[in-house]
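Here are a few friendly notes to read alongside the model.

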Amino acid sequence: MPPIIGIDLGTTNRLVAVASWRGGGVGAALAPRVIPDAQGRALLPSVVRYPESRDEGGSPIVGHEARDQAIANPRTTIASVKRLMGRSLADARADLPYLSYEVVEVDDGRSKAARLRLPDGRLLWPQEVSAEILRTLREQASAALGVPITRAVVTVPAYFDEAQRQATRDAGRLAGLDVVRVVAEPTAAALAYGIGLRSGGIGLPIGDSTEQIIAVYDLGGGTFDASILRVVPGGSGLQTGAPTADIFQVLSTSGDTHLGGDDIDHALVELFTREIGERFFGGGGGSAPVLPPETRSGLRDLAERAKVRLSEHESAAVRIEIEAPTGSHTYERTVTRTELEAVAAPLLDRTIEACTRALRDAKRDMAGEPVSCVVLVGGATRMPLARRRVGELFGLEPYIALDPDQVVALGAAVQGAILSGAGVGRGGTGVPPVSAQAGALLLDVLPLSLGIETAGGAFAKLIMRNSTVPARATERFSTSVDGQTSIKLHVLQGEREMAADCRSLGVFHLSGLPPMPAGIPKLRVEFAVDVNGVLSVSAVEERSGKRAGLQVVPTHGLSREEVERIEAESFEHAREDMDRHRVVDLLANAKLDLHWITKQMDKHGGLLSGDELDRLRAATALLRDHIDKAQADWRAVDANAFHRAKEDLDKSSVRLHEVSIAASLREQSP
Ligand code: ADP
Ligand code: MG
């Protein structure tokens, strides 16, 4: 049976994903992934452009190309059709000012549905427009998977009513897709993180999955949704053997259907346009110049690109050619993150207010339970300011491990895989029933150790395998090079002693540190795995207060077999690995010692006796020898001898320590 795909039908962007089972039995693991188009792009803009007139013929253009032409062809380019799905003209009234095309009401005697009218008089159902995009996604998935796809799980906002859901199903049908389940977007986002797939797993204690309250903050292109969900552990799959998954209840939703990342782009465009007016149109009175559609379209792209860049960088360059009555000019400026945040802040304030409303509305149903995790959804949540504001409001580190603009599609795919598994499983084809599969994502215990790479490529484990979740660990580190202003933290998962033999989960940098001598920075690294198995790593340099972090879902897509292979390998290499780890650690420490001692000998050597100096020189030479050998090949040194040499130098340098401390005290005293 071809898989059931998952589709995120966003107002701005749509995408398709598929999840497949890896491994079998209780150990089966679900691995969802987005299916990109032939150019490798995951997102398909929800835009369809129709030919100017019927005579022109040709089929509608879907996606990127249609979007690029939108401003120049407002009346034939249909964006945001989701706003009209299953609604009457009266329902959609508030949306009309935002739509560039004509919307009319056709009373066919049974219902009064909103429809679109193209300039040549053609009438279109919103479902037809939506189907154009769905068809593109279906074809994309069929081509990528090599099987004709006919079934899908699609997502809708939690507040969609039955008419809107039915219209969504109809759009699927028009595109040749049987919509087997319509899932609320926040529920899909939770599923993508494995939330709600934890209970009812065969052989796993059912009572373990406790009720959870989760908040989903979804800031898309043109809409904002805040939802509070309750995850109720599914029924007892153990007794009945029937498929069970957790139940999601939407306790409340709040939001703003006209607030999103696009509004931030608009605010930037306004800022640019005002400046263009002042610089090239002699404007000063504050009236913005009227720019041709191509320029407006160019400015919109520039604004969005600058905004996206500023999620990762501190500044973005903007440059565009402007035709003005005074001639052609180049408008050029740099936008800083601070400027963008000033523009975005009032919009984000409104999202925070909506979250507060959602919390208030859910309060009674929450019965005193706190929100246990916050999931971020929507491309616009990549903005650091959005993450900060949400984190502050809930007092929790929000979930960002999965790509926020893919998370809904990934969750829909997980739901699709569970549904297809259930169907096949009952038919007795050997695929485990859902309860076993759902248990597959269980992270009651961590299958592999988690840690970071340290000097010389060793792997320092912070949380050991088989730890029960939630788990937390802190470790202190320092630097091994003088004047380091940036520290790279490489997070890994595995059982081997060397980082290169483990599975990389991600890298982040703690930068902007004031230069300090090696060994002086005080780096505190904290690992926390929560009940849902999401790992948050944070690092803080305590002297400067600089911090950075990373979040990942460690076991996503790791099958039982892979875990077993990793375990077996670690066993096989245990002896050698341990030796290597030991040598690498010794090497890092010995280099630090040697560095310090040579420096102090230059400065204060004169205060030592001849004997003391001789002994120090001999110990230094011996250790340097070990270091050189270990650097060339770790196998070439005897770790025990290396260790003795280091200890010997430690002992021989006691006097030197004393005199240098005394000297530095003298220097400091007035
Ligand atoms: P929707 O759910 O409405 O279809 P998306 O979740 O795809 O929308 O979000 C689209 C919005 O996310 C756009 O406004 C886009 O500019 C914004 N966006 C995408 N990537 C980033 C980023 N890296 N930084 C800031 N905003 C981004
Ligand atoms: Mg969305």
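1. A residue counts as buried when its relative accessible area is under 20%. Please keep in mind that this is a predicted model. Cys-355 has 3% relative accessibility, so it counts as buried. Cys-502 also falls under that cut-off, because its relative accessibility is 12%. As for disulfides, the structure holds 0.

2. Next, the second largest pocket, which may interest you. How much space lies in it? The answer is about 1600 Å³. Its lining is made up of 43 residues, and those nearest the centre are Glu-397, Ile-400, Ala-548, Gly-549 and Leu-550.

3. Which elements build that lining? At least two residues each come from helix H9 (384-394) and from strands S21 (471-477), S23 (503-511), S24 (523-529), S25 (535-541) and S26 (546-552). By class, the lining of the second largest pocket divides into 20 nonpolar, 13 charged and 10 polar residues.

4. Helix H6 covers residues 261-280, 20 residues in total. From first C-alpha to last it reaches 28 Å, close to the 28 Å expected at 1.5 Å a residue. Just after H6 comes Gly-282, with a positive phi of about 60°.

5. Finally, have a look at the open sheet of 3 strands, ordered S8-S9-S10 with antiparallel pairing. Strands S8 (102-107) and S10 (123-124) are its edges, each pairing on one side only. Strand S9 (residues 112-117) is joined to S10 by 2 bridges, and the two run antiparallel. Opposite Leu-123 in S10 stands Arg-117.

Technical notes. Residues are numbered from 1 along each chain as its sequence is written. Chains are lettered from A and ligands numbered from 1 in the order in which they are written. This is a predicted model: local features need pLDDT of at least 70, side-chain atom pairs count only at pLDDT 80 or more; totals for chains, interfaces and linings use all residues. Side-chain values use heavy atoms; hydrogens and water are left out. A disulfide is a pair of cysteine sulfur atoms within 2.5 Å. Buried means under 20% relative accessible area, exposed over 50%, partly exposed in between (1.4 Å probe, protein chains only). On a 1 Å grid over the protein atoms alone, a cavity is a set of points where a 1.4 Å probe fits but cannot get out, and a pocket is an open set with protein on both sides within 12 Å along at least five of seven lines; lining residues have an atom within 4 Å of a point. Grid points are joined across faces, edges and corners, and a volume is the space filled by probe spheres set on the points. Helices (H or I, at least four residues) and strands (E, at least two) are DSSP runs, numbered from the N terminus. Ala, Val, Leu, Ile, Met, Phe, Trp, Tyr, Cys and Pro count as nonpolar, Asp, Glu, Lys and Arg as charged, and the others, Gly among them, as polar. The expected span of a helix is 1.5 Å times one less than its number of residues. Two strands pair if DSSP finds at least two bridges between them.
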